[in-house]
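Biologist: I am new to this structure. Could you take me through it in short steps?

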Amino acid sequence: MSRVWIVNDMPTCIPGTKTLWHYLNECIDGSEFHMYPYDILAERIESELISSRPKLIIRNASYVRAFDTNIPTIAILQDVLWGQLRKMQLELCLRPNVYTVFNS
């Protein structure tokens, strides 16, 4: 079992470059990248948590709802959104087990 899960959709980047998500996965020893499209991301993570539980989740704070878990979570907020997506961001960021990092 990995101690840290890095959770996001498929990180895209210019060929030959890396994103923040790639660097996090490379720099945190023993981390696992859990990548799924946004429309199934939360359900897949919750399903995986049944058989394996990390000590920490690092996740994107946008486009996907909060996971139903009490595992400490670092949410990286890269895009400030509006409407329902903004409401979903706020619901995630205000959870007691979530620490929010703003990245622009």
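What follows is a set of questions and answers about a predicted model.

Biologist: Let us begin with the strands. How many of the residues of strand 1 are buried?
Modeller: Strand 1 covers residues 4-8. V4, I6 and N8 point one way from strand 1, while W5 and V7 point the other way. Both sets are buried. Strand 1 is mostly covered, and the count of its buried residues is five of five.

Biologist: Why would neighbours on a strand point in opposite ways?
Modeller: A regular strand has a simple pattern, because its side chains alternate between the two faces of the sheet. In strand 1, W5 and V7 point one way. The residues that point the other way are V4, I6 and N8.

Biologist: Which residue of strand 3 is the bridge partner of V4?
Modeller: Strand 1 also pairs with strand 3. The two run parallel and are joined by four bridges. In strand 3, the partner of V4 is L56.

Biologist: Is strand 3 largely enclosed or largely open?
Modeller: Strand 3 covers residues 56-60. Four of its five residues are buried, so the rest of the structure leaves strand 3 largely enclosed.

Biologist: Which residue of strand 4 is the bridge partner of N60?
Modeller: Strand 4 covers residues 73-77. Strand 3 and strand 4 pair over four bridges, in the parallel sense. The partner of N60 in strand 4 is I76.

Biologist: Which strands do the buried residues of helix 2 pack against?
Modeller: The buried residues in question are L41, A42, I45 and E48. They pack against strand 1 and strand 2.

Biologist: Is Q89 buried or exposed?
Modeller: Q89 is found in helix 3, residues 83-93. Leaving out residues up to four places away in sequence, Q89 touches A61, S62, L77, D79, V80 and L81. Its relative accessibility is 2%, and the cut-off for burial is under 20%, so Q89 counts as buried.

Biologist: On to charged pairs. How many salt bridges does the structure hold, and which residue does K18 meet in one?
Modeller: The structure holds three salt bridges. K18 is partly exposed, with a relative accessible area of 42%. E26 is partly exposed too, at 46%. The side chains meet at 2.7 Å, N to O, and the partner of K18 is E26.

Biologist: Which residues does the salt-bridge network join?
Modeller: E46 forms a salt bridge with R65, with the closest N and O atoms 2.9 Å apart. E46 lies in helix 2 and R65 in the loop between strand 3 and strand 4, so the pair ties together parts 19 residues apart in sequence. Salt bridges that share partners make one network of E43, E46 and R65.

Biologist: How far apart in space are Y63 and N8, C-alpha to C-alpha?
Modeller: Y63 lies in the loop between strand 3 and strand 4. Y63 is partly exposed, at 33% relative accessibility. Beyond four places away in sequence, Y63 touches Y38, D79, L81, L85 and M88. Y63 and N8 are 55 residues apart in sequence, and the C-alpha distance is 9.7 Å.

Technical notes
Residues numbered from 1 in each chain as written. Predicted model: local features only at pLDDT ≥ 70, side-chain atom pairs only at ≥ 80, totals over all residues. Heavy atoms only, no water. Buried < 20%, exposed > 50% of the residue type's maximum accessible area, 1.4 Å probe, protein only. Contact = heavy atoms within 4.5 Å. Salt bridge = Lys/Arg side-chain N within 4 Å of Asp/Glu carboxyl O. Pairing = 2+ DSSP bridges.
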